[in-house]
Amino acid sequence: MRVGKMLLVLLQMLLLSCGAQPRCDPQIRGMCKPAVEEKPKCTDILLSYCEDMPYARTTFPNILGHSTREDAESGVEYLLISVVESLLGGQCNPEIRMLGCSVLAPRCEESKVLRPCRSSCEVVHKKCSDAFEKIRMAWPYFLDCDRFFVSEQEGCYDPLDGLKEEEGAQTLEVPQPEQAAEPIQFTYHTNSQMFGVLKKTEDQCSEISRTYSIGRSTEGRELLVIEFSNSPGEHQLLKPEVKLIGNVHGNEVLGRQLLIYLAQYICSEYQQGNERIQTLVNNTRIHILPSMNPDGYQLATSEDGDDNYEEGDMYGSRNIGRNNAQNIDLNRNFPDLTTIVYGRRRRKGFHTNHIPIPNNYWFGKVAPETYAVMKWIRSIPFVLSASFHGGDLVVSYPYDLSKHPRGESMFSPTPDEKVFKLLARTYADSHRTMSKATCHPGSQKGVVNGAQWSSITGGMQDFNYLHTNCFEVTVNVGCEKFPPEEELFLSWQDNQKALIAFIEAAHRGIKGFVKDEDGNGIKGARVSVRGIRHDVTTAENGEYWRLLTPGIHIVTASASGYTRVTKRVQLPAVMQTAGRVDFLLQKASQDSDLQEGESIGLSMSTYEQFDPYNQYTHYTKMADVDQQHEERVEKPWWWSYFVSLGGPAPTWLLKHY
C-alpha cells in the first residue's frame, strides 16, 4: 500500500513538472478560480455560405465553441450546410442553411451575442425532418431546437426574417407537389437500397406506379419490377407494353444504376409537369427490372460475401459476379430457338414467330432467374424491350447466333432487319457519344448485328423475337463494366435522352384490332406483312401491335376459320403514335379453313405448353431456402463524403448509431 501511495505522489509531481495544469473540478474547493468573462467582440460575417443572413456581424467563439472563422469553416457542420441543398434535392433551401448559420455565425450586437428563436427552429424541423429521413440522415445535432435555440422571453431573434420578407414580396405562390419525389443519388445502390428506392418511388408516385415481383433469384432475392402507367397494374387496350432489363450479368452494373435513376426521373418529371414524360406514361405501360441477377451483383461488389469492400476491389477480377449464384450465364440460358429457325428456314411457308420451347430444354439447367423472366415475357403482351450490358458502347440486335455452319461470327439478320436497325439507331443516335465513339480499336460504332459482333447461343433477345411478339435489343452502355462512382452522373446524362427516345419507339408502326363480324376480338389471329416472314399474333381481346419502318406495307390479318383481309398501309417518317389499322374477318367456308402455311406452322397448342416438368415448384423451394438471407446494412451513400475530411467520424449524422 505504501509503495502504491509513493507511486501516486511521484506521478503527481511528474505531471506538475511537465507543466500539466489540473482540470477545473467545481466539486473540489480551491480547484477552480472564478473565470473572468470577456465580452464578445463583434466582427463581420466572413463565412461565404452565411453572407445573406439578415444581419452583418457575428462573433467567435460561436455557439458551438469554434474559436475562429477558420475552425468553423473546417468543421463538418459548415460542410453540411454548404451541400445540404444538393443532398436534399433542393428541398428546405435556404431554411436549413440559414438555421445552421445562426448557430455557426450567431448574431452579435453591441458586444452581445443574440441567440436564434426556438420557434423558428421548430417550424423548420417540422417541415424538413422528412427530407432528412429520405436520405437516411439524422437531424443535425447543431440544429437541436432545445439545445442551441432560446425562447422569445429570453430575447431571441428570428434567423429567417430576411427569407420571410422575400416570401412576403412574392404575389404568386407556386403550388408544390403533395409529396416531393426522392432526389436522385448518383451513387451505387446495394440490393436492399435498390429495393428501398423502388418502393419509395412507388409511394411518391402511387397514381402512376407500382412495384411487383416476378420471382426470386437462386439465393432468394426478389426480382423486383417497377411499372409506370396512368393505370398501374392494368393492361389497357392498344397501349403498348415496354420492358427494360438491367444487370443480366451481375458485374455489369451501369445499366442497373441507369434504370434505378430512370424510375426516379419518370416519377419526378411526371409530378413536375414535364409534358413529354406525362404523354409517355399516359400512352405507354413501362416495366423496369433494374436487376435480373441480384446474386451476381452481390458477389461482384463484395469479396467472399463481405459487403465491406473498397472501391478498388471492384476492378480486380473481370468476371466475378458475371454469372448467377449457380454459375450460370443468364444470357446463354434461354431456349435456343435460333438453331430451330436455321434448320427450317428453307421450308415453304415457315415463319420465324412463336416457336415453341423444345421439351429437351427443360432437361438442362434452367436458372430460376431465367425461368421467372420467361414466365413474365409470356404473361404480358410486350411490344418492345431492351436489356442493358456493359464493357462496350454499342447497341446490338438479333440474331445473336450466327448462321455460319461452324458458328463463326457472321452477319445473320432476322426478317425484321430494317425494323431492328431502326430501333437500335433510335437509342444510339439519341445517346451523346454512342454513334461517334468506340471503346476498342476496330469496334463497331453505334449499332451492330449481334451474330456479326459475337455469336452466342441461348441469348435473351433472340428468345424474345422468336417466341413472342416482343422486339428486343441489347444496349451496351459503357466501356467499363463497373465504372467509378464519380462517373455515374455523366453516364446518366449520356443515356437519359436515349432511354426516353427508345421507349417512345414503341409507338412506331401500326396497331389495332382483329375482330369477327359480331365485333368480338379474335385471340391468336396472325398479322402478316408482305416480304417479312415474321408475324405477330393478337392478344386476348384481338388487339395487336406491329413495329414497322416508314414506307408502304401490305398487311394481312388471318385466323383459322376466317377469310383473310389485306390492307395497304403508308407510314410517314415521323410518327407520334402508331397508325390505327383494324381488320374485320368473316367466317370462311369449311373447305377453306386451312390457310396456306398453317399446316406447316407449329400448333398454338404446342406453343402454350410451358414447364411440362413442373420446374416452378423446384425453383420456389430453392429460393425459400435462402429467403431469410440478410444483407448488412450499408452506410448511407453520402457517408464517404463527410469522412473524407479526416478527423473523428461524424457519427451524429447517422440515424441508427
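**The interior and its packing**

Reply: The largest nonpolar core holds 99 residues, and Leu262, Ile288, Val373, Trp376, Leu423 and Tyr427 have the most contacts inside it. Helix 9 (residues 254–271) supplies the largest share of this core, with eleven residues. Another core, of 45 residues, lies apart from it and includes Cys121, Cys128, Ile135 and Tyr157.

The model is a predicted one, in which local features need pLDDT of at least 70 and side-chain atom pairs count only at pLDDT 80 or more, while totals for chains, interfaces and linings use all residues. Residues are numbered from 1 along each chain as its sequence is written, and side-chain values use heavy atoms, with hydrogens and water left out.

A nonpolar core is a set of buried Ala, Val, Leu, Ile, Met, Phe, Trp, Tyr and Cys residues joined through side-chain atoms within 4.5 Å. Buried means under 20% relative accessible area, exposed over 50%, and partly exposed in between (1.4 Å probe, protein chains only). Helices (H or I, at least four residues) and strands (E, at least two) are DSSP runs numbered from the N terminus.

For the protein as a whole, 51% of the 657 residues count as buried, and the secondary structure amounts to 20 helices and 20 strands. Among contacts (heavy atoms within 4.5 Å) between residues at least 6 apart in sequence, 76% join residues at least 24 apart.

Tyrosine 427, already named in the largest core, touches Phe388, Val395, Met434, Val475, Val477, Asn495, Ala498, Leu499 and Phe502, with residues up to four places away in sequence left out. Another buried tyrosine is tyrosine 297, which counts as such because its relative accessibility is 1%. Tyrosine 297 belongs to helix 11 (residues 294–300). Beyond four places in sequence, its contacts include Tyr188, His189, Thr190, Asn191 and Arg256. The C-alpha atoms of tyrosine 297 and asparagine 191 are 8.1 Å apart, although 106 residues separate them along the chain.

Rings of Phe, Tyr and Trp (its six-membered ring) pair if their centres lie within 6.5 Å; planes under 30 degrees apart are stacked, over 60 edge-to-face, and the rest tilted. By this rule there are 27 aromatic pairs. Tyrosine 342 and tyrosine 399 form an edge-to-face pair, with 5.7 Å from centre to centre and 85° between the planes. This pair links distant parts of the chain, 57 residues apart: tyrosine 342 is in helix 12 (residues 338–344), and tyrosine 399 in the loop between strand 10 (392–397) and helix 14 (417–430). Both tyrosine 342 and tyrosine 399 are buried.

Tyrosine 371 and phenylalanine 610 form a tilted pair, at 5.6 Å centre to centre and 40° between the planes. Tyrosine 371 lies in helix 13 (residues 368–379) and phenylalanine 610 in the loop between helix 18 (604–608) and helix 19 (615–625), so the pair ties together parts that are 239 residues apart in sequence. Tyrosine 371 is buried at 3% relative accessibility, and phenylalanine 610 is buried with a relative accessible area of 17%.

Ring pairs also link Tyr342, Tyr397, Tyr399, Phe420, Tyr465 and Phe471 into a cluster. One member, Tyr465, is among the buried residues of helix 16. Eight of the eight residues of helix 16 (residues 460–467) are buried, so this helix is largely enclosed by the rest of the structure.

Strand 13 (residues 510–515) is mostly covered, with five of its six residues buried. Strands pair if DSSP finds at least two bridges between them. Strand 13 runs antiparallel to strand 16 (residues 543–546), joined by four bridges, and isoleucine 510 has arginine 546 as its bridge partner there. Strand 13 also pairs in the parallel sense with strand 19 (residues 579–580) over two bridges, where isoleucine 510 stands opposite glycine 579. Two bridges join strand 13 to strand 20 (residues 583–584), again in parallel, and valine 514 faces phenylalanine 583.

Finally, a charge sits over a ring if NZ of Lys or CZ of Arg is within 6 Å of the ring centre and within 35 degrees of the ring normal. Lysine 515 lies over the face of phenylalanine 513, at 4.7 Å from the ring centre. Arginine 107 lies over the face of tyrosine 157, at 5.4 Å from the ring centre, and Tyr157 belongs to the core of 45 residues.
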